[in-house]
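Let's take a friendly walk through this protein. Have a look at the sequence and the structure first, and then read on.

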Amino acid sequence: MEAQAQGLLETEPLQGRDEDAVASADFSSMLSEEEKEELKAELVQLEDEITTLRQVLSAKERHLVEIKQKLGMNLMNELKQNFSKSWHDVQTSTAYKKTHETLSHAGQKATAAFSNVGTAISKKFGDMRSHSIGYSIRHSISMPAMRRK
């Protein structure tokens, strides 16, 4: 019999639909007048405590703002500090370090490749210049000789 009773009890927390069902259920008919009065008193006490806590929190937040103003801390400074910390966290992350290393290596290879291409182009222009100068000199020398004939 005890096994059956345990099977009826759920050990899982209430889900949203369960909470809605409990909230819409009317338990007031199952409570005595004394229990209702106790619960009403507890409800009033809880509401008062919540109001007090909200007031205390609001006062502490105002005090916090005053202290920050005295220290010269403002929203912009906090944003700068947060950004700096976040950027530092990114730079120290493993993913960033690997990416930085890979891109640095690729940049070095690209630089070497462009240097080789630049050297080859310079050499080609140099060859073309010396060829054209030689042609120009030969052409200049042979032209007057041809005209004399």
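## Helices and strands

Helices here are DSSP runs of at least four residues, strands are runs of at least two, and both are numbered from the N terminus. Keep in mind that you are looking at a predicted model.

How many helices and strands does the protein have? The secondary structure comes to five helices and zero strands. Read from the N terminus, the order of the elements is α-α-α-α-α.

## The surface

The protein has 149 residues, and 0% of them count as buried. To be buried, a residue needs a relative accessible area under 20%. The accessible surface of the protein is about 14,000 Å², and carbon and sulfur atoms account for 60% of that area.

## A negative patch

Next, find Glu-34, Glu-35, Glu-38 and Glu-42, which form a negative surface patch. One of these residues, Glu-42, sits in helix H3, which covers residues 33-70.

## An aromatic pair

A search of the whole structure turns up one aromatic pair. The partners are Trp-87 and Tyr-96, with ring centres 6.0 Å apart and 75 degrees between the planes. This pair is edge-to-face, because planes over 60 degrees apart are counted that way.

How accessible are the two partners? Trp-87 has a relative accessible area of 42%, so Trp-87 is partly exposed. Tyr-96, at 27% relative accessibility, is partly exposed too.

Conventions
Residues are numbered from 1 along each chain as its sequence is written. This is a predicted model: local features need pLDDT of at least 70, side-chain atom pairs count only at pLDDT 80 or more; totals for chains, interfaces and linings use all residues. Side-chain values use heavy atoms; hydrogens and water are left out. Patches are made of residues with over 30% relative accessible area and no salt bridge: like charges are joined within 9 Å, nonpolar side chains (Val, Leu, Ile, Met, Phe, Trp, Tyr) within 5 Å. Accessible areas come from the Shrake-Rupley method with a 1.4 Å probe; for residues, only the protein chains shown count as cover. A salt bridge is a side-chain nitrogen of Lys or Arg within 4 Å of a carboxyl oxygen of Asp or Glu. Lys and Arg count as positive and Asp and Glu as negative; His and the chain ends are not counted. The place of a charge is taken as NZ of Lys, CZ of Arg, CG of Asp or CD of Glu. Rings of Phe, Tyr and Trp (its six-membered ring) pair if their centres lie within 6.5 Å; planes under 30 degrees apart count as stacked, over 60 as edge-to-face and the rest as tilted. Buried means under 20% relative accessible area, exposed over 50%, partly exposed in between (1.4 Å probe, protein chains only).
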